[in-house]
Amino acid sequence: MLTQHIGKDACFSVMGIDREKHITVMLQAVWLFEDTLVNLREGNAALGLVPARDPDVLAALEHVEDFWLTYKAAVTNVVSGDDPDQRYFHHLLAGSVELLKRSQLLVVQLKNYHSNEGNVSPYAATAIDLSGRQQMLSQKMAKEYCLIAAGINYEEQQKALKRSLVMFESTAEALKTGNHEYGFLNEVPGIIQDEIDRAMVAYEPIKPIFHAALLDEEVSHDEVLAVAKDNLKVLLGFDNVVKVYVALN
């Protein structure tokens, strides 16, 4: 989620949409991403995390850490404003996709490890993973929309946004109703369904804006502001879904 959070905030800041706010949030995401890597490697008693020992988890973690070093350098230049030709900004955008891929591989290894250790049921592990992916997609869609609005890699970002929308909306339905294809074999608890409903209510105002961007309709400044403002409500909505699943497990 944080990989796309950073890319989204970078885009809105470059567009001049609440620049200082998005820079601040981007720096917070950078700190949280680094802190998460440290906690995964070294453990954190307060969070109930033990140091990583599984070889597959460690290999995936190192794969993320190696790329993060160069990616953070691009973020630093974008934040400082020392990027007159937007070279670092475009490097950041391209890097956000690669960092996401590497981070997703790490998530898979962590999910497999905790399932095998019996720390979490396979059903809960899948549900938490997909709910977390919804958080990531909320940021990815906002980033892709921002790039469309800015006219950056327009057709490529339209295709990416279309894929993200399909995945986000189909996953939300699967999380709520249960779906054998996704690994849901049990009835979804009502409290989870309620949280998903709340998250999707937050999504409703920006859903038509995203879909209109696929139709080459002119993007208005008010629509850009709405996406910049409301995407975080969707993220927080699915964060609550994750928290409830963790509490139930």
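H6 and H7 run roughly antiparallel to each other (an angle over 145 degrees; under 35 counts as roughly parallel, 65 to 115 as roughly perpendicular, and the rest as oblique). This is a predicted model, in which local features need pLDDT of at least 70, side-chain atom pairs count only at pLDDT 80 or more, and totals for chains, interfaces and linings use all residues. Residues are numbered from 1 along each chain as its sequence is written, and side-chain values use heavy atoms, without hydrogens and water.

**Helix H6 against helix H7**

H6 covers residues 154-177 and H7 covers residues 190-203. Helices here are DSSP runs (H or I, at least four residues), numbered from the N terminus. The axes of H6 and H7 come within 9 Å and cross at roughly 155°. Axes are lines fitted to C-alpha atoms, for helices over the stretch in contact, and angles run from 0 to 180 degrees between N-to-C directions. The crossing of H6 with H7 is left-handed, that is, the near helix is turned anticlockwise from the far one by less than a right angle.

On the H6 side, the contact involves Leu165, Phe168, Glu169, Ala172, Leu175 and Lys176. Their partners in H7 are Gln193, Ile196, Asp197, Met200 and Tyr203. Contact means heavy atoms within 4.5 Å. By class, the residues of this contact are 7 nonpolar, 1 polar and 3 charged. Ala, Val, Leu, Ile, Met, Phe, Trp, Tyr, Cys and Pro count as nonpolar, Asp, Glu, Lys and Arg as charged, and the others, Gly among them, as polar.

**Helix H5 and its surroundings**

H5 spans residues 122-150. H5 and H9 pack at an angle of about 175°, with their axes 9 Å apart. H5 and H9 are therefore roughly antiparallel to each other. Their contact has 16 nonpolar, 7 polar and 2 charged residues.

Ala127 lies in H5 and is buried, at 0% relative accessibility. Buried means under 20% relative accessible area, exposed over 50%, and partly exposed in between (1.4 Å probe, protein chains only). Ala127 and Tyr245 are 118 residues apart in sequence, yet 7.5 Å apart in space, C-alpha to C-alpha.

Gln134 is also found in H5. Its relative accessible area is 0%, so Gln134 is buried. Leaving aside neighbours within four places in sequence, Gln134 is in contact with Met167, Phe168, Thr171, Ala172, Leu175 and Phe238. Among these, Phe168, Ala172 and Leu175 also belong to the H6 side of the contact with H7.

Lys140 touches Gln4, Leu100, Ala160 and Ser164, not counting residues up to four places away in sequence.

**Salt bridges**

Side chains of opposite charge can pair when their charged atoms come close. The structure holds 10 salt bridges. A salt bridge is a side-chain nitrogen of Lys or Arg within 4 Å of a carboxyl oxygen of Asp or Glu. The table lists examples.

| Lys111 | Asp129 | 3.8 Å |

Which helices hold Lys111 and Asp129? Lys111 lies in H4 (residues 87-116) and Asp129 in H5, so the pair ties together parts that are 18 residues apart in sequence. Lys111 is partly exposed, at 26% relative accessibility. Asp129 is partly exposed as well, at 27%.

Arg198 and Glu195 both lie in H7. They are 3 residues apart, about one turn of the helix. Glu195 is buried, with a relative accessible area of 15%.

Asp239 and Lys243 are 4 residues apart in H9 (residues 221-248), so about one helical turn separates them. Is Lys243 buried or exposed? Lys243 is exposed, with a relative accessible area of 51%.

**Positive phi in two loops**

Asn153 is not a glycine, yet has a positive phi of about 50°. Asn153 sits in the loop between H5 and H6. With a relative accessible area of 42%, Asn153 is partly exposed. Asp216 also has a positive phi, near 65°. Asp216 lies in the loop between H8 (207-213) and H9.
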